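I opened my notebook to look around a structure that was new to me. Come along and look with me.

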Amino acid sequence: MMMSRGYTRLASSMFTMVSPRFFSTAATRGVLSNDMVKAPAVGLGVRCRSSMAAIGGGDKEQEKKQAVGGGGGSAKDDKEIVSYWGLDPTKVSKEDGSPWKWTCFRPWDTYRADLSIDLKKHHAPVTVLDKMAYWTVKSLRWPTDLFFQRRYGCRAMMLETVAAVPGMVGGMLLHCKSLRRFEHSGGWIKALLEEAENERMHLMTFMEVSDPRWYERALVFAVQGVFFNAYFLGYIISPKFAHRVVGYLEEEAIHSYTEFLKELDNGNIENVPAPPIAIDYWRLPPNSTLRDVVLAVRADEAHHRDVNHFASDIHYQGRQLKKAPAPLGYH
């Protein structure tokens, strides 16, 4: 009994010392009372109510908004994101006045693909680095053909998960270099990030027409993880080699999409209507089909081929990318 009263006094003295920092005055009085269990809960409640009153100024409407944002209300409430930061979503409309339904890109990000670009241009490997880049890409084509066979829809979707990596890695490294050296990049950071975003939009499009299998999704983790780190190291060691690799990868992409078009023309792949996201992104006619989408994507790949071969040529001439204006908006 004596030990119990001793522990009670010790606990009371400890709460007396701690309570001014963590609990309100009401909490301290509750701790010193006989009800030792309920006191901390009362103290926290008073503290929270006093804080909310100080922040909200007794604004009942604000408390109502917080209740809606935090609770599991109706389906309509689930779609609303309540924030007191004042960052309301911007309302964007199309040229005809209809609402814009995409959040992954905006009307000012859309464009019409340049289908007149030369698809047969090829950089003949001359130097040792060029030959290494060329045969590295050629060696990767064999397992890709073996795995996907003639399933070009799924092949395109899976390869776009890798194709969007080089632009992001290159842009990130140039960004860090610009910060370290206190210098401009000549627009190349934005150009490479535009390339990465364009490749990602290819993926968003093909997701609408192809459903990857579970092992293909697992393959993305493995291939992307290996390729990201390999390209990261390669770009640090030799940017001209890294850009040349991407240039040859884009040449192979052009070949793959040309084979895709042949399968569509031969009727081996159904020429389904173009997904709505593709119609808005490339400003395609409403009655466009999958074939029109593949034509636009192939043209994009040809532009990426030119940009990366051009970047590699700049390095081969002993210059830095910032010395040559970047081809911004070159799709």
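Below are my entries on some helix pairs and on a pocket.

**Entry 1: before starting**

I noted that this is a predicted model. I also reminded myself that a pair of packed helices is described by the angle between the axes and the distance between them.

**Entry 2: helix 8 and helix 10**

I began with helix 8, residues 165-181, and helix 10, residues 214-237. Their axes come within 10 Å and cross at roughly 40°. Angles under 35 degrees would count as roughly parallel, so I wrote down helix 8 and helix 10 as oblique to each other. The crossing of helix 8 with helix 10 is right-handed.

Which residues make this contact? From helix 8 I listed Val165, Pro166, Val169, Gly170, Met172, Leu173 and Leu174. Helix 10 brings Gln224, Phe227, Phe228, Tyr231, Phe232, Tyr235 and Ile236. Sorted by class, the contact of helix 8 with helix 10 has 12 nonpolar residues, two polar ones and no charged ones.

**Entry 3: helix 7 and helix 9**

Next I looked up helix 7 and helix 9, the latter being residues 188-206. The axes of helix 7 and helix 9 are 8 Å apart, and the packing angle is about 155°. Because an angle over 145 counts as roughly antiparallel, helix 7 is roughly antiparallel to helix 9. Helix 7 passes helix 9 in a left-handed crossing.

On the helix 7 side I found Ala156, Met157, Glu160, Thr161 and Ala163. They meet Glu199, His202, Leu203 and Phe206 of helix 9. The classes in the contact of helix 7 with helix 9 are five nonpolar, two polar and two charged.

**Entry 4: helix 11 and helix 13**

My last pair was helix 11 with helix 13, residues 290-316. Here the axes come within 8 Å and cross at roughly 160°, which makes helix 11 roughly antiparallel to helix 13. I marked the crossing of helix 11 and helix 13 as left-handed. The contact of helix 11 with helix 13 holds 16 nonpolar, eight polar and 10 charged residues.

**Entry 5: the largest pocket**

How much space lies in the largest pocket? I noted about 970 Å³.

The largest pocket has a lining of 39 residues, and Leu140, Thr144, Leu159, Val162 and Leu249 lie nearest its centre. Helix 6 (128-148), helix 7 (152-163), helix 10 and helix 11 (239-265) each supply at least two lining residues. Which helix gives the most to the lining of the largest pocket? Helix 11 does, with 11 residues. By class, I counted 27 nonpolar, five polar and seven charged residues in the lining of the largest pocket.

Definitions and conventions. Residues numbered from 1 in each chain as written. Predicted model: local features only at pLDDT ≥ 70, side-chain atom pairs only at ≥ 80, totals over all residues. Heavy atoms only, no water. Axes fitted to C-alpha atoms, helices over the stretch in contact; angles between N-to-C directions. Helix = DSSP H or I, 4+ residues; strand = E, 2+ residues; numbered from the N terminus. Parallel < 35°, antiparallel > 145°, perpendicular 65-115°, else oblique. Left-handed = near helix turned anticlockwise from the far one by under 90°. Contact = heavy atoms within 4.5 Å. Nonpolar A, V, L, I, M, F, W, Y, C, P; charged D, E, K, R; others polar. 1 Å grid on protein atoms, 1.4 Å probe; cavity = no way out; pocket = protein on both sides within 12 Å on 5 of 7 lines; lining within 4 Å. Points joined across faces, edges and corners; volume = space filled by probe spheres on them.
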